[in-house]
Amino acid sequence: MEKRYSRILALFFVVMTGAFAGKAQDKLYPKYPESFETGNKMNYRIDDIDLPTGRWRLDNAVIQNQKYDGAVSGEYAVRMIFNNTTSAYLQMMYDLPKGASKVEFWYKSFALDKPCMFQLEYSTDKGKKWQAIGDLIVATDKQKYTKAEMNMDIEGRVRFRINKIGLGDGAKNQEISNGRLNIDDFAVYYKE
């Protein structure tokens, strides 16, 4: 009886080991997460800046460390403009070579602003066309950052961007909720 039990246990171990051995693991791309610590940008004009992970486009966005920006790590975070009528972007200008299995980043609404809405998007054709991932996200918390984690199965070369939706001027129309948005610690994973 004991010998039979040992064989069943050994067989169970072999089956379970085989099941786990074939499962691909999420691996963080080198130099990520991007913490935006080395790319001080003081104005909202569109500009491409070099960061440790690669070249990023900030369109109606800055990298600063003012009192209400805060940061998840380090001292700096991205802040995207408020009352925008067209989209504002935090956009990768380079491709990651091995696709993507997961994207994580942290976000919050800025200071005393109203909430705002944004979307994570991706491109597999070097930024010619962009597709949304998941639903629109509403940033409401002004004090602390919230972690976004989005799973996906994108193969081949890919890049990402945050699209802060241009809802219009909340000063002119009190029904519009279009405050500033902070983003920090943007991380991309792939299956290995």
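This is a predicted model: local features need pLDDT of at least 70, side-chain atom pairs count only at pLDDT 80 or more; totals for chains, interfaces and linings use all residues.
I began with Asp95, which counts as buried at 14% relative accessibility. I take buried as under 20% relative accessible area, exposed as over 50%, and partly exposed as in between, with a 1.4 Å probe and protein chains only. Residues are numbered from 1 along each chain as its sequence is written, and side-chain values use heavy atoms, leaving out hydrogens and water.

**Entry 1: the partner of Asp95**

I looked up which side chain meets Asp95 in a salt bridge. Arg159 does, at 2.8 Å from N to O. The two belong to distant parts of the chain, 64 residues apart: Arg159 is in strand S11, and Asp95 is in the loop between strand S6 (88-92) and strand S7 (100-109). A salt bridge here is a side-chain nitrogen of Lys or Arg within 4 Å of a carboxyl oxygen of Asp or Glu. Helices (H or I, at least four residues) and strands (E, at least two) are DSSP runs numbered from the N terminus.

I then turned to Arg159 itself. Strand S11 spans residues 159-164, and Arg159 is buried at 8% relative accessibility. Its side chain also reaches the backbone oxygen of Lys126 at 3.3 Å. Contacts (heavy atoms within 4.5 Å) of Arg159 beyond four places in sequence include Met92, Met93, Tyr94, Glu121, Tyr122 and Trp130. Asp95 and Lys126 are also among them.

**Entry 2: Val78**

Is Val78 buried or exposed? I find 0% relative accessibility, and Val78 therefore counts as buried. This residue is found in strand S5 (residues 77-80). Not counting residues up to four places away in sequence, Val78 touches Phe36, Leu58, Ala61, Val62, Ile63, Leu90, Leu181, Asn182 and Ile183. With Asn182, I noted a separation of 104 residues in sequence against 5.4 Å in space, C-alpha to C-alpha.

**Entry 3: further salt bridges**

How many salt bridges does a search of the whole structure find? It returns 13. I examined two more of them.

Asp26 is paired with Lys191, the closest N and O atoms being 3.0 Å apart. This pair also links distant parts of the chain, with Asp26 in strand S1 (residues 26-28) and Lys191 in strand S12 (residues 181-191), 165 residues apart. Asp26 is partly exposed at 33% relative accessibility, and Lys191 is partly exposed at 45%.

Glu104 and Lys147 meet at 3.7 Å, N to O. Glu104 lies in strand S7 and Lys147 in strand S10 (residues 146-154), so the pair ties together parts 43 residues apart in sequence. Glu104 counts as buried at 11%, whereas Lys147 is partly exposed at 40%. I also recorded that salt bridges with shared partners join Lys102, Glu104, Lys147 and Glu149 into one network.

**Entry 4: the whole chain**

Of its 192 residues, 45% count as buried. Among contacts with a separation of 6 or more, 72% are between residues 24 or more positions apart. The accessible surface is about 10800 Å², with 53% belonging to carbon and sulfur atoms. Accessible areas come from the Shrake-Rupley method with a 1.4 Å probe; for residues, only the protein chains shown count as cover.

Conventions:
A polar contact is a pair of N or O atoms within 3.5 Å; within protein, one must be able to donate a hydrogen and the other to accept it, and residues adjacent in sequence count only if both atoms are side-chain atoms.
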